[in-house]
Amino acid sequence: MASVTPLRLAFLGCGFITRVHSGHLRSLRADVIPFYASRERAKADDYCRRFNGRGSYGDYDTAIDDPSIDAVVIAVPPRFHLDLALRALAAGKHVLVEKPAFLTMADYERVRTARDRAQRVVLVGENDHYKPLAVRLRELVADGVIGEMVFAHFMTLARKLKTADDWRNDETMAGGDAFFEEGIHWLHLAGSLGPRIIDIRGYRPSVSRTGPDTRAKSMMVAFRYNNDAVGTLYYSREIPSLLRGLRISKLLGRAGVISFESNGLFILVRGGGLPRLVIPGFRDMRGYRAMYRDFVRAIRDNRMPQMSLERAMEDHQLMEQAYSSAAQPAPASVPAQ
């Protein structure tokens, strides 16, 4: 059998998330060879040494223009995603862009047009779509273990405040508040289990501007699925949780209940017999390796990845609807008769 040439992949940006991605790529060196680009050449060189990269660049343009590079990972604040994605596609590169990928639906449309013109693969880096928890939940729902779904309840609460100099504290860099920047992952999980969300409304509590993290850090959304089930998502990065992150979510149906630890530690299935404990798996708990395998295979097979632009656009549209409704005043109360 002929050997397959590994994908030569350049990271644009050498920050925290590139460090996370690079750690997971260590086991995929037969498929991916990493390169690193930063506006600080010393940082790119450091990442190249630490993660056994093949080369480094002192700016993004040089990496994009290098004809030996097959694809790029856009791992900088969301404000810069659009420009880098368009430049990479114009240079004939495949693109993996961190989520949230783009700031507006118009930005998504521009990238889709550029993608189609370049005939390249664009994957939106929603690793939560690929993690074992999400895969097992989709299987359980499809298998009908809870019967007809009635309620879905997603809980992600933790006290994780950002420092004053963190770029996420600047909404012009992050594209929005904490829910926009990170809550999008949980909104995707809620909408990717089989039934699709068709109606959504956001509710934002009062915003605390004290301390170094001045963002709005909490949001609750309520939604309806296309199977007429209804759900809620509670998101906060300012409320303490058990063991600094343990939280339980549930899918409730007329034949049973699925309870699961939101990070993916376990799933408990009740209904139709004895309770059953499911361990989704710890080997690729956050789904990064599965995400990169999908990216590589989509490029080799000339097909859409699972987390395509179109799938991410559905999430973004829901996000826009949640924010639009959260900004509206509450309806006037009806006087008692």
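1. In which strand does leucine 268 lie? Leucine 268 is part of strand S13, which covers residues 267–270. Helices (H or I, at least four residues) and strands (E, at least two) are DSSP runs, numbered from the N terminus. Leucine 268 is partly exposed, with a relative accessible area of 28%; buried means under 20% relative accessible area, exposed over 50%, and partly exposed in between (1.4 Å probe, protein chains only). Beyond residues up to four places away in sequence, leucine 268 touches Val257, Ile258, Ser259, Pro275, Arg276 and Leu277, where contact means heavy atoms within 4.5 Å. Leucine 268 and lysine 250 are 18 residues apart in sequence, and their C-alpha atoms are 9.4 Å apart in space.

2. A word on what you are looking at. This is a predicted model, in which local features need pLDDT of at least 70 and side-chain atom pairs count only at pLDDT 80 or more, while totals for chains, interfaces and linings use all residues. Residues are numbered from 1 along each chain as its sequence is written, and side-chain values use heavy atoms, with hydrogens and water left out.

3. Next, look at the inside. The largest nonpolar core has 61 residues; a nonpolar core is a set of buried Ala, Val, Leu, Ile, Met, Phe, Trp, Tyr and Cys residues joined through side-chain atoms within 4.5 Å. Leu9, Leu12, Val72, Ile74, Phe102, Tyr292 and Phe295 touch the most other members. Helix H9 (residues 288–301) gives the most to this core, with seven residues. Another core lies apart from it, with 38 residues, among them Val141, Phe180, Phe223 and Tyr323. In soluble globular proteins, nonpolar side chains tend to be buried together.

4. Leaving aside neighbours within four places in sequence, isoleucine 74 is in contact with Leu12, His81, Leu84, Ala85, Val95, Leu96, Val97 and Glu98.

5. Is threonine 156 buried or exposed? Threonine 156 is buried, because its relative accessible area is 0%. This residue lies in strand S7 (residues 149–157). The side chain of threonine 156 makes a polar contact with the side chain of arginine 237, at 3.0 Å. A polar contact is a pair of N or O atoms within 3.5 Å; within protein, one must be able to donate a hydrogen and the other to accept it, and residues adjacent in sequence count only if both atoms are side-chain atoms. Not counting residues up to four places away in sequence, threonine 156 touches Trp186, Leu233, Tyr234, Tyr235, Ser236, Arg237 and Arg247.

6. Now for a pair of helices. Helix H5 (residues 105–118) and helix H10 (residues 309–326) pack at an angle of about 170°, with their axes 10 Å apart. Axes are lines fitted to C-alpha atoms, for helices over the stretch in contact, and angles run from 0 to 180 degrees between N-to-C directions. H5 is therefore roughly antiparallel to H10; angles under 35 degrees count as roughly parallel, over 145 as roughly antiparallel, 65 to 115 as roughly perpendicular and the rest as oblique. Residues in this contact include Tyr108 and Arg112 of H5 and Met313 and His316 of H10.

7. The axes of helix H1 (residues 16–25) and H9 come within 9 Å and cross at roughly 80°, so the two helices are roughly perpendicular to each other. Ile17, Val20, His21, His24 and Leu25 in H1 meet Tyr288, Arg289, Met291 and Tyr292 in H9. Phenylalanine 16 is also found in H1, and at 47% relative accessibility phenylalanine 16 counts as partly exposed.

8. Helix H6 (residues 132–142) has several buried residues, including Leu133, Leu137 and Val141. The buried residues of H6 pack against partners that include S7, helix H8 (178–191) and S13. Just after H6, glycine 144 takes a positive phi of about 75°.

9. Finally, some backbone details. A cis peptide bond, with omega of about 5°, joins lysine 99 and proline 100; proline 100 sits in the loop between strand S5 (94–98) and H5. Aspartate 228 has a positive phi of about 75° although it is not a glycine, and counts as exposed at 57% relative accessibility. Asparagine 302, in the loop between H9 and H10, has a positive phi near 55° and is exposed at 67% relative accessibility.
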